[in-house]
Amino acid sequence: MAMKYHAVLLPKKGGPEVLQVVELPFEAPGPRQIRVRVRAAGVGATDLIVLAGNYRYAPKIPFVPGYEAVGVVDAIGADVKGFDVGQRVAALTVYGGFAEFLVRDSEHFIPIPDAVSDRDAAAVILNYVTAWQMIHRVAKVQSGQSALVTGAAGGVGTAALQLLTLAGVRTYGSASAPKHDTLRALGATPIDYRAGSLDRLTRALEPTGVDYAFDAIGGANIGPCIGALRRGGMLVGFGFLGASGALSQLAMFANIFLGSRLRGRVGKFYGITMLYRKNPLPLREDLPRIFALLAAKKIAPRIQRTFPLLEARQALELLAAGSVDGKIVLTD
């Protein structure tokens with residue numbers, strides 16, 4: 001009888017309730033591939049978008065979701081160099097992470113330092129690399145500047161606030177009032193987006209406008225973010241285009257790039273998977289930097305809850321309820 005392993009399968013579009021725990025046959029790693037026994041996987045808002053069938057980088061249904069995973073090398077295929085059985089590794093999987101085992105090309109895996117736990121490693125792959133790359137590769141921030149972060153209490157938002165503070169940037173975080181203590185603890189000045197127009201609220205604190213706005217919301221939020229910027233400032237939209245249809249993408253691109261330019265600002269868009277598919281080298285450079293910051297205790301991912309590895313449905317139900325302050329991680 002063929003050996004099998006457990007995985008969480010998405011059999012059709014829907015919410016967390018459609019996920020099923022199934023048995024799948026073991027795969028032997030092919031040439032240039034390794035098989036990893038998954039020990040932790042991150043859970044995030046992108047997974048909900050994937051379940052709904054609205055994510056442009058997802059494979060054809062049915063498939064195993066799971067955007068980021070950490071594990072131990074279990075088997076090594078031919079022509080693989082630089083990895084050993086038993087070595088801990090991490091990957092931006094995009095899909096496949098909600099399973100006991102994962103087979104991928106070895107180029108997608110990055111070693112994890114001994115000082116970094118499985119749980120913390122899984123919590124930073126997507127969120128902290130996203131934050132790092134849009135801050136340092138796109139915006140190229142400088143110490144002494146100022147930045148507004150929307151969705152600031154979420155996974156990428158809290159990561160961005162920590163990394164901006166490390167870079168010497170003065171931070172403002174947009175979130176609902178119950179989450180303001182979280183933002184203050186991260187060194188940010190909170191802004192309650194429900195209290196009025198975001199541009200007006202920001203300029204009450206920075207009269208000439210902030211240098212950067214990192215916007216996770218998109219849509220109608222783009223205009224106020226542009227208005228919150230100083231003349232010549234930069235808007236970086238991130239994340240939301242991966243969940244958009246073609247017409248919606250075109251409209252948001254126009255708002256970000258043309259809308260910013262017409263008002264004397266600079267508009268850019270960043271997507272971690274968009275960049276990774278184009279060029280995997282930046283992630284291979286930046287994730288070790290994040291692991292080094294973790295090992296040195298210069299950053300600390302806010303992990304609200306952990307679940308057993310195969311309880312992805314329960315984890316995503318909690319996330320969908322909207323009460324999560326930080327990151328959810330699945331562990332074996």
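**Strands, salt bridges and aromatic pairs**

Leu258 is exposed, with a relative accessible area of 52% (exposed means over 50% relative accessible area, buried under 20%, and partly exposed in between, with a 1.4 Å probe and protein chains only). The model is a predicted one, in which local features need pLDDT of at least 70 and side-chain atom pairs count only at pLDDT 80 or more, while totals for chains, interfaces and linings use all residues. Residues are numbered from 1 along each chain as its sequence is written, and side-chain values use heavy atoms, with hydrogens and water left out.

Leu258 belongs to helix α7, residues 246-262 (helices are DSSP runs of H or I with at least four residues, strands are runs of E with at least two, and both are numbered from the N terminus). Together with Phe257 and Leu262, Leu258 makes a nonpolar surface patch of about 330 Å² (patches consist of residues with over 30% relative accessible area and no salt bridge, like charges being joined within 9 Å and nonpolar side chains, namely Val, Leu, Ile, Met, Phe, Trp and Tyr, within 5 Å; the areas come from the Shrake-Rupley method with a 1.4 Å probe, and for residues only the protein chains shown count as cover).

From this surface patch we turn to the strands. Strand β3, residues 33-43, is joined to β6 by five bridges, and the two run antiparallel (strands pair if DSSP finds at least two bridges between them). Within this pairing, Arg35 stands opposite Val103 of β6. Strand β6 spans residues 101-105, and four of its five residues are buried, so the strand is largely enclosed by the rest of the structure.

Strand β3 also pairs with β4, again in the antiparallel sense, through seven bridges, and here Ala40 has Val70 of β4 as its bridge partner. In β4 seven of the nine residues are buried, so this strand too is largely enclosed by the rest of the structure. Strand β4 in turn pairs with strand β5, residues 88-92, over five bridges in the antiparallel sense, where Ala69 has Ala91 of β5 as its bridge partner.

Asp74 and Arg35 meet in a salt bridge, with 2.6 Å from N to O (a salt bridge is a side-chain nitrogen of Lys or Arg within 4 Å of a carboxyl oxygen of Asp or Glu). Because Asp74 lies in strand β4, residues 68-76, and Arg35 in strand β3, the pair ties together parts that are 39 residues apart in sequence. Asp74 is partly exposed at a relative accessible area of 30%, whereas Arg35, at 16% relative accessibility, counts as buried.

The structure holds 13 salt bridges by this rule, including that of Asp120 with Arg119, whose closest N and O atoms are 3.5 Å apart. Asp120 counts as buried at 18% relative accessibility, while Arg119 is partly exposed, with a relative accessible area of 37%. Another is formed by Asp211 and Arg230, with their closest N and O atoms 2.5 Å apart; this pair links distant parts of the chain, since Asp211 lies in strand β11 (residues 210-215) and Arg230 in strand β12 (residues 229-238), 19 residues apart. Asp211 is buried, with a relative accessible area of 13%, and Arg230 is partly exposed, with a relative accessible area of 28%.

The aromatic rings remain to be described, and they form seven aromatic pairs (rings of Phe, Tyr and Trp, the last by its six-membered ring, pair if their centres lie within 6.5 Å, and planes under 30 degrees apart count as stacked, over 60 as edge-to-face and the rest as tilted). Among them, Tyr55 and Tyr67 have ring centres 5.8 Å apart and planes at 70°, so this pair is edge-to-face. Both tyrosines lie in the loop between α1 (45-51) and β4, and so the pair ties together parts that are twelve residues apart in sequence. Tyr55 and Tyr67 are both buried. By contrast, Tyr212 and Phe214 have ring centres 6.2 Å apart and planes at 20°, so this pair is stacked; Tyr212 counts as buried at 8% relative accessibility, as does Phe214 at 0%.

Two further aromatic features complete the tour. Tyr5, Phe26 and Phe101 form one aromatic cluster. The charged end of Arg104 sits over the ring of Tyr95, 4.4 Å from the ring centre (a charge sits over a ring if NZ of Lys or CZ of Arg is within 6 Å of the ring centre and within 35 degrees of the ring normal).
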